[in-house]
Amino acid sequence: MRLCFLVEEHYRHDGMPNEVIRQLTAWGHQVDVVRPGGSLLCMTEVVSSGAHDAWVLKTVSGGPGLTLLEAAAAAGLTTVNDARAIRGVRDKALAAAIGRLRGLPMPPTYAVAEPELLREVPAAQYPLVVKPSDGSSGRAVHLVSSPERLDEVLPELAGEHMLIAQPYVPNSGTDIKVYAVGGELFATERCSPLHPDPAVRERRVPLSGEVAAIATQVGAVYGLDLYGVDVLLGPDGPVVVDVNDFPSFRQVPDAAARVARAVLELARTGSPAAAAVCHPRAQGLPLSIPAQASAPRAGEVAL
């Protein structure tokens, strides 16, 4: 197979996706790497050549790679993840709207185009978690304890074109990160960016049936095949606070080989998750996907 990986400078030296590229090459596949932020691209020629079996995106949320991937998809080329699904999670305001509409346990979300508009969030919603709608890797995430403390963080939020604010979910100070790859789920525990503690190291943990069902539902709701889900264990149960397409897959055993195999399968067959996504109201289907209907098959929930 011949694959095209879109890799921006931010990930140029990262293990993911470079280890996947090396694994695919070792298996005899041809992998071309395009750096969307550092190349002059003739868009019509790039996407119309049909030289690749699939295009794979590993870029930052606000980078130009997604535009190129969407252009490839518009030309009928296979993309990983499906290009129709990615923007729905990279725009966190949009992701919150879709997730709440489809029954995912996500906090209420406010969106503003100017930081000063956060002053209009009701005081009853504090403490607030404020972050860029196109953020990634914990960038510019702030915990604001009260309306009086909001002015302290506003200067740091200047320049962001869209922000979201969500009521803080009380938790132990750790996040559960669930990775989905090749139909399997893997869970890790890590320190929350809101409660930095050097003593807390990322480690694999058992995955409960409840969190596994939610993580699987995330893939069905957004149409993703390779993804990560950040879950907080709040006082009322698990809450989804972030979804990432093509994450780092840290702590996943044999991650490079697993992701490489998943990429090859998706290149051959296309995305089953994206193909299953529909507009529930138009089809007369319930907005909420029953968790039991989307739970992993036996043996697919891994430590």
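A cavity, as I use the word today, is a set of grid points where a 1.4 Å probe fits but cannot get out. The model you see is a predicted one, and with that rule the count is one cavity of 30 Å³ or more.

Let me stay with the cavity for a moment. The space inside the largest cavity is about 80 Å³. Which elements each supply at least two residues of its lining? They are helix α5, residues 92–101, strand β8, residues 163–167, and strand β13, residues 237–245. If you want to find the place on the screen, look for V89, K92, A95, A96 and M106, which are among the lining residues. K131, I164 and Q166 also line the largest cavity, and so do V241, D242 and V243. By class, the lining has seven nonpolar residues, one polar and three charged.

Next, a pair of helices. Helix α1 covers residues 15–26 and helix α8 covers residues 255–269. The two pack with their axes 8 Å apart, at an angle of about 70°. Angles of 65 to 115 degrees count as roughly perpendicular, so α1 is roughly perpendicular to α8. The crossing of α1 past α8 is right-handed.

Which residues meet there? From α1 we have M16, E19, V20, Q23 and L24. On the α8 side the residues are A255, A256, A257, V259, A260 and L264. Sorted by class, this contact of α1 with α8 consists of nine nonpolar residues, one polar and one charged.

M16 brings me to the backbone. Most residues other than glycine have a negative phi, and most peptide bonds are trans. Here are some exceptions.

The peptide bond joining M16 and P17 is cis, with omega at about 25°. P17 sits in helix α1, the helix that packs with α8. M16 is also one of the α1 residues that meet α8.

Another cis peptide bond runs from Y126 to P127, and its omega is near 0°. Where is P127? Its place is in the loop between β5, residues 110–112, and β6, residues 128–132.

F246 is not a glycine, yet its phi is positive, at about 45°. F246 lies in the loop between β13 and α8. Both neighbours have come up already: β13 supplies at least two residues of the lining of the largest cavity, and α8 packs with α1.

That is what I had to show.

Technical notes:
Residues are numbered from 1 along each chain as its sequence is written. This is a predicted model: local features need pLDDT of at least 70, side-chain atom pairs count only at pLDDT 80 or more; totals for chains, interfaces and linings use all residues. Side-chain values use heavy atoms; hydrogens and water are left out. Axes are lines fitted to C-alpha atoms, for helices over the stretch in contact, and angles run from 0 to 180 degrees between N-to-C directions. Helices (H or I, at least four residues) and strands (E, at least two) are DSSP runs, numbered from the N terminus. Angles under 35 degrees count as roughly parallel, over 145 as roughly antiparallel, 65 to 115 as roughly perpendicular and the rest as oblique. A crossing is left-handed if the near helix is turned anticlockwise from the far one by less than a right angle, and right-handed if clockwise. Contact means heavy atoms within 4.5 Å. Ala, Val, Leu, Ile, Met, Phe, Trp, Tyr, Cys and Pro count as nonpolar, Asp, Glu, Lys and Arg as charged, and the others, Gly among them, as polar. On a 1 Å grid over the protein atoms alone, a cavity is a set of points where a 1.4 Å probe fits but cannot get out, and a pocket is an open set with protein on both sides within 12 Å along at least five of seven lines; lining residues have an atom within 4 Å of a point. Grid points are joined across faces, edges and corners, and a volume is the space filled by probe spheres set on the points.
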